[in-house]
Amino acid sequence: MRVVVCMALLVAGLMAQAPRFGAQIPVATNYIVKPAPLTTDGASRKPHWSTDGKALMLVSTDKGKCPQLYWVDPATKERKLASSGVGTVRTAAPLVKTKSWIYDSTQDAGEACAPAMLGSVPAEFNIFSNNEKGKIVKIASAAGYDAEVDVSTSEKLIIYTSQASGDLEVWSMEWDGMNKRQLTKSPGYDGDPNVSSDGRRIVFRSTRARSAEAQKQVKEQLAFGRAPMVPSEIFVMNLKGLDEKQITSYGCSVLHPTWTPDNRRIVFSADLPNCQGDRYELFMVNLDGTGLVQLTTGNKYVGEVSFSPDGRSMAFTKDGNVFTAEWAAPAPPPETLNPLSKP
């Protein structure tokens, strides 16, 4: 009971500090063109394009079972199971060159489904690789949570969230699980990483615990498989964990930041402008923090964007289904360039 009360007080205090936007956020719904549902089951999410652009992976709950990973053909919509069929899967990343893929799962813990609510980080999550022959290998299994995977365009590095240091940080490892390296080192949640298409940088979201009391509460929550994730902000860094920069300071809940194809902007889901967590729309911001624009309206939840390798198409989650669409955002103005975004 004490942990629940502390968590409630922490979240309430953070939400009380959240700024409210005095001016209306500009809306540009014409950047996402011809959206079409790829799934209609109301239980699919987290799409990820393969690096050759020929297929998509997504996580879906089939007939009341736990969420599992599937390959989906964008043309025929046919799907094929890509995980073990046991436990819960949250994220995945294809490795076309090795004809394999990486995913996180609680499969070693048995049939039970993992909690799905925001802030749930069960220690049963580990990271696995699989291939066309069905050979599943565990490649990350530190004490605590290992999940939220992405892969560099070279397919040499896997970027993921891990509790290996005792706190939730962003880590990297090679595709076979070797040479694990901690990239962030700040108390609080650092996770949900996404690698830029030029293979140079990582965007992630963070809930920094800056006070001693906040850090204490983070440790208490982690012992129960929970992590404070509200409010969260967007950060970027290079693949070695250096040159870290904070992009946003909204005081709201920011989810699933993703690089745009030009690697100069970030698309993300957020409960802007009210910070109440009741509705999440898509937004985009320049790397210097300017140019915030809202991309979708009238939804309960839109997020988890993945862009095709050629930058022309996107896949995203919308109210329980995966959609595909054409990406038609104009180039950002030159004055938004900063040292972080230069080639």
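This is a predicted model: local features need pLDDT of at least 70, side-chain atom pairs count only at pLDDT 80 or more; totals for chains, interfaces and linings use all residues.
With which residue does Arg 201 form a salt bridge? The partner is Asp 198, and the closest N and O atoms of the two side chains are 3.3 Å apart.

Side chains of opposite charge can pair when their charged atoms come close. In this structure the count comes to 12 salt bridges.

Another salt bridge joins the side chains of Glu 244 and Arg 208, with an N to O distance of 3.2 Å. Glu 244 lies in the loop between β16 (233-238) and β17, while Arg 208 lies in strand β15 (residues 201-208), so the pair ties together parts that are 36 residues apart in sequence. Arg 208 is buried, with a relative accessible area of 17%, and Glu 244 is partly exposed at 31%. Salt bridges with shared partners also join Lys 46, Asp 192 and Arg 205 into one network.

Arg 79 and Asp 41 provide a further example, their side chains meeting at 3.3 Å, N to O. This pair links distant parts of the chain, for Arg 79 is in strand β5 (residues 79-81) and Asp 41 is in the loop between β1 (32-37) and β2 (44-49), 38 residues apart. Arg 79 is partly exposed, at 34% relative accessibility, and Asp 41 is also partly exposed, with a relative accessible area of 38%.

The account now turns to covalent links. A disulfide is a covalent bond between the sulfur atoms of two cysteines. A search of the whole structure finds 2 disulfides, and with the bonded cysteines numbered in sequence order the pairing is 1-2, 3-4.

Cys 66 sits in the loop between β3 (56-60) and β4 (68-72), and Cys 113 in the loop between β7 (100-105) and β8 (126-131), so the bond ties together parts that are 47 residues apart in sequence. The torsion about this S-S bond is about -95°, and the disulfide is therefore left-handed. Cys 66 is buried at 8%, whereas Cys 113 is partly exposed at 44% relative accessibility.

Cys 252 and Cys 275 form a disulfide with sulfur atoms 1.7 Å apart. Because the torsion about their S-S bond is about -45°, this disulfide is left-handed. Cys 252 counts as buried at 1% relative accessibility, and Cys 275 counts as buried at 0%.

Notes:
Residues are numbered from 1 along each chain as its sequence is written. Side-chain values use heavy atoms; hydrogens and water are left out. A disulfide is a pair of cysteine sulfur atoms within 2.5 Å. Helices (H or I, at least four residues) and strands (E, at least two) are DSSP runs, numbered from the N terminus. Buried means under 20% relative accessible area, exposed over 50%, partly exposed in between (1.4 Å probe, protein chains only). A salt bridge is a side-chain nitrogen of Lys or Arg within 4 Å of a carboxyl oxygen of Asp or Glu.
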